[in-house]
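Subject: Structure for your review, with notes

Dear colleague,

I am passing on the structure below, followed by notes on what was found in it. Please read the notes alongside the coordinates.

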Amino acid sequence: EPGATVDAGPLRLSFEEVPHFTQTFAVQISAAQGGGRITYGADCGPSEALVEIARDTELLIIEATLPRPEREGPRGHLTASEAGEHARRAGAKRVVLTHISDELDHRLAQEQASEAFGATVEIASEGATFEV
């Protein structure tokens, strides 16, 4: 449910609906007693809801699927530049790109997102761990 918050043991999960081709939710994860926050943007097109749920997050994990915006129809994914722009507008402290298209070189995606974010972003990798 949009705007829902659920406590699961020591974690608090908050959900916000974001635009995609099916009902999709970005998730904010924090300690139930307060502390660091991680925001996972899920698959989504450009969205103020994503910016708001990620506001001042310590870590934003955000997709950068597209080499260029879709030409027509509804938007369901972001470009690397759009990912960086969303992170900058949200005031995210740290950004990790995920779900990068095979059509887009990871180094180029990182450069484009970093330029839009205003600082270096990271690329997700299997088994990576992050502390917030």
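A residue is called buried when its relative accessible area is under 20%, exposed when that area is over 50%, and partly exposed in between, with a 1.4 Å probe and protein chains only. Please keep in mind that this is a predicted model, in which local features need pLDDT of at least 70 and side-chain atom pairs count only at pLDDT 80 or more, whereas totals for chains, interfaces and linings use all residues. Residues are numbered from 1 along each chain as its sequence is written, and side-chain values use heavy atoms, with hydrogens and water left out.

Salt bridges

The term salt bridge is used here for a side-chain nitrogen of Lys or Arg within 4 Å of a carboxyl oxygen of Asp or Glu, and the structure holds seven of them. In one of these, the side chains of Asp7 and Arg12 meet with an N to O distance of 2.7 Å. Asp7 is partly exposed at 46% relative accessibility, and Arg12 is also partly exposed, its relative accessible area being 30%.

Another salt bridge joins the side chains of Glu103 and Arg68, at 3.9 Å from N to O. This pair links distant parts of the chain, since Glu103 belongs to the loop between β6 (95-98) and α3 while Arg68 belongs to the loop between β5 (59-63) and α2, 35 residues apart; helices (H or I, at least four residues) and strands (E, at least two) are DSSP runs, numbered from the N terminus. Glu103 is exposed, with a relative accessible area of 60%, whereas Arg68 counts as partly exposed at 45%.

A further salt bridge is formed by Arg89 with Glu85, whose closest N and O atoms are 3.8 Å apart. Both residues lie in helix α2, four residues apart, which is about one turn of the helix. As background, an α-helix has 3.6 residues a turn, so residues three or four places apart point the same way. Arg89 is partly exposed at 27% relative accessible area, as is Glu85 at 32%, and Glu48, Glu85 and Arg89 are linked in a network of salt bridges.

Packing of α2 and α3

Two packed helices are described by the angle between their axes and the distance between the axes. Helix α2 (residues 80-90) and helix α3 (residues 106-117) pack at an angle of about 30°, with their axes 7 Å apart; here the axes are lines fitted to C-alpha atoms, for helices over the stretch in contact, and angles run from 0 to 180 degrees between N-to-C directions. The two helices are therefore roughly parallel to each other, given that angles under 35 degrees count as roughly parallel, over 145 as roughly antiparallel, 65 to 115 as roughly perpendicular and the rest as oblique. On the α2 side the contact (heavy atoms within 4.5 Å) is made by Ala80, Ser81, Gly84, Glu85, Ala87 and Arg88, and on the α3 side by Ala109, Gln112, Ala113, Ala116 and Phe117.

Within helix α2, Gly84 is buried, with a relative accessible area of 0%. Leaving aside its neighbours within four places in sequence, Gly84 is in contact with Ala113, Ala116 and Phe117. Gly84 and Ser114 are 30 residues apart in sequence, and their C-alpha atoms are 6.2 Å apart in space.

The buried residues of α2 are Ala80, Glu82, Ala83, Gly84, His86, Ala87 and Ala90, and these pack against α1, β5, β6 and α3. One of them, His86, is in contact with Ser47, which also contacts Val18 and Pro19, again leaving aside neighbours within four places in sequence. Ser47 is found in the loop between β4 (37-40) and α1 (48-53) and counts as buried at 8% relative accessibility.

Backbone angles

Most residues other than glycine have a negative phi, and most peptide bonds are trans. Ala42 has a positive phi of about 60° although it is not a glycine; Ala42 is found in the loop between β4 and α1 and is buried at 8% relative accessibility. Asp56, likewise not a glycine, has a positive phi of about 60°; Asp56 lies in the loop between α1 and β5 and is partly exposed, with a relative accessible area of 39%. Just after α2, Gly91 takes a positive phi of about 75°.
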